[in-house]
Amino acid sequence: MAIFILLQLGLIWPVYPLFSGIEPMILGLPLSFAWIIFMLIGCFLLLLWYFLSDPHIESPPTEQSR
Amino acid sequence: MEQWVIILGICGLYLAITLAMGIIPGRNVSNSISGYVAGDRSMNLLLLYFVMGASIFSSFAFLGGPGWAYSRGAAAFYIIAYGATGMIPLYFFGPKVRRLGEKHGFVTQAELLEDRFNSQSLSVILAVLSIVVFIPYLTLQMKGAGYIITTISEGAVPQWAGAGVAYLVVLVYVFYSGVMGVGWTNTFQGLFMMVIAWFLGLYLPEKLYGGVGEMFTQIANSPNINGSQMLTAPGLAADGTPWSWWGFSSAVLVSAIGFSVWPHFFMRSFAAKSDKTMKLTIVLYPSFQLFLVPILLIGFSAILAYPGVQPADTILPFILTQLELPVVIIGFVCAGALAASMSSGDAILHSAASVGVRDGLAKFLPDRWNTDRKQRQLIRLFVILISLIAYYFAVVSNVPIVNLLLGSYGGVAQIFPLVVGMFYWRQANGKGALAGLCGGIVVTVLFLIYPEWRPVPLHEGIYGLIVNIILFVSISLATQPESESQINRYINA
């Protein structure tokens with residue numbers, strides 16, 4: 001939950017303004033653009049973590065061992 | 001043979017494949033409401049992923065996304081920002097929604113809320129709200145499709161014919177196959193769009209500037225368009241002045257809150273095969289969001305190369321007519337843009353008809369009309385009716401319908417507090433929910449029409465949400481909760 005709020009704040013004021021500039025360019029993208037993509041990847045990792053730490057009650061045992 | 005004939009031929013081929021993919025799966029689902037609206041609750045990961053992804057990426061993404069990047073620079077990152085977190089709540093609601101649907105036979109969002117809050121009025125209000133936001137949405141998709149066909153045929157095919165043919169295909173498969181038609185065509189259309197978007201998004205900066213990095217460096221250093229201002233978040237507002245952090249943040253927040261409760265999106269949870277399918281779809285969803293990156297690159301690539309194109313939303317077709325691209329590629333891009341329009345249009349059409357009948361009309365019909373078979377026929381009738389209304393607005397009427405759509409995110413976001421209350425707050429009751437929803441919608445609409453009344457320049461939906469939550473909480477606390485068994489069903493779902 002805390003990570004979720006942190007990511008949300010990363011996408012808006014007050015955190016995003018800290019990374020809103022153009023320099024440094026990352027992989028050819030301005031920092032403001034790259035930051036948003038980082039946040040998106042962050043959301044993906046958060047969801048992945050939710051999923052992997054989920055007990056998966058209904059799935060077969062082989063899936064649980066993941 | 002003229003060039004545009006080949007391009008149209010490719011688009012025609014695409015339409016034919018879509019039609020076939022839309023009709024075939026309809027033969028395998030049962031002839032019931034659950035089959036038509038929720039695909040017999042049998043969608044696997046692949047289908048669900050593309051249905052959810054492709055129905056969000058509409059004409060707006062393909063035409064509006066590059067348009068924003070082109071005219072407003074970093075403001076366009078808003079589109080990626082709200083989708084990133086907007087999806088996360090559905091990870092928690094989705095499986096609950098699915099299980100309740102399976103157990104009690106629900107197929108729409110309003111049915112769930114009606115049952116939990118024991119209020120028919122709530123269901124009817126939600127049905128009306130859904131149709132009010134869906135019709136302009138569908139109209140814009142049709143306009144987009146018509147526009148693409150007209151532009152590439154150099155005016156030989158008028159807009160009414162282009163929109164008509166594309167949406168006749170949609171009408172046929174939605175009418176015939178219901179949600180499974182939407183599912184299979186979206187899978188095909190989604191893949192198609194992704195390939196096209198990545199190709200163009202990387203090709204254009206390479207061709208025009210010699211690379212993505214080089215492109216951004218040139219934009220940032222360009223003095224006459226104030227490029228550095230443009231690339232610094234949050235970019236420019238619609239009038240070309242720098243956008244405020246208030247405006248950007250509140251717009252992202254409202255859209256993110258509304259994202260997971262859009263009726264056509266939310267109700268796909270009922271179609272999921274299992275909880276695991278549902279959860280995995282959400283986990284993988286950000287990969288669909290990544291597809292917006294090349295879309296925005298397309299818009300950025302035009303800033304220096306083609307200044308002054310008006311309106312900004314026409315930038316993608318404009319680039320296509322300017323570049324010396326092989327004719328087959330142009331054909332594919334146009335088909336890709338059609339795919340974007342149709343894959344959202346079909347989901348919206350299907351949901352609008354289902355919600356309109358199940359949650360609106362059915363409440364006023366005598367019992368003998370409310371059989372499964374009759375309702376299914378009514379939904380199909382609504383599919384035709386809603387297509388015709390949207391088509392009328394798209395090609396005949398000149399009512400500025402875009403304004404309606406602008407307000408829709410603020411309106412839809414008002415459903416969110418109710419959904420949270422439904423699952424996580426025992427005290428939440430029907431009176432509170434009704435008051436909150438109505439209050440929130442009224443305030444949102446009011447501030448949308450009179451923006452100068454806002455105390456601070458926040459998105460109107462934020463004010464609506466504040467009023468919504470205050471009313472919902474206070475009235476729920478002041479009145480009796482719903483019956484214990486009902487609450488438990490949802491809290492423990």
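This is a predicted model: local features need pLDDT of at least 70, side-chain atom pairs count only at pLDDT 80 or more; totals for chains, interfaces and linings use all residues.
# A tour of chains A and B

Residues are numbered from 1 along each chain as its sequence is written, with chains lettered from A and ligands numbered from 1 in the order in which they are written.

**Stop 1: two helices of chain B**

Select residues 88–104 of chain B for α6 and residues 275–289 for α15. Helices are DSSP runs of H or I, at least four residues, and strands are runs of E, at least two, numbered from the N terminus. The two axes lie 9 Å apart, at an angle of about 155° (lines fitted to C-alpha atoms over the stretch in contact, angles from 0 to 180 degrees between N-to-C directions). That angle makes α6(B) roughly antiparallel to α15(B) (over 145 degrees).

Now show the residues in contact (C-beta atoms, placed from the backbone, within 7 Å). On α6(B) select B:Leu90, B:Tyr91, B:Gly94, B:Pro95 and B:Arg98. On α15(B) select B:Asp275, B:Met278, B:Lys279 and B:Ile282. Five of the residues in this contact are nonpolar, one is polar and three are charged (Asp, Glu, Lys and Arg are charged; Ala, Val, Leu, Ile, Met, Phe, Trp, Tyr, Cys and Pro nonpolar; the others, Gly among them, polar).

**Stop 2: chain A**

Colour chain A by secondary structure: there are three helices and zero strands, in the order α-α-α along the sequence. Chain A has 66 residues, 32% of them buried (20 or more other C-beta atoms within 10 Å of a residue's own).

**Stop 3: where chain B touches chain A**

The contact between the chains takes 33 residues from chain B and 31 from chain A. Which element of chain B gives the most to the side that touches chain A? α15(B) does, with eight residues. Other elements giving two or more residues include α5 (77–86), α11 (212–220) and α12 (227–231) of chain B. On the side of chain B that touches chain A, 22 residues are nonpolar, eight polar and three charged.

**Stop 4: two domains of chain B**

Select residues 3–400 of chain B for domain 1, then 414–493 for domain 2, with bounds from an automatic or database domain assignment. Their C-alpha centres lie 27 Å apart. Each domain puts 23 residues into their contact. On the domain 1 side, α13(B) gives the most, with eight residues.

Technical notes. Angles under 35 degrees count as roughly parallel, over 145 as roughly antiparallel, 65 to 115 as roughly perpendicular and the rest as oblique. Two residues are in contact if their C-beta atoms, placed from the backbone, lie within 7 Å. A residue is buried if 20 or more other C-beta atoms lie within 10 Å of its own, exposed if 12 or fewer, and partly exposed in between; C-beta atoms are placed from the backbone.
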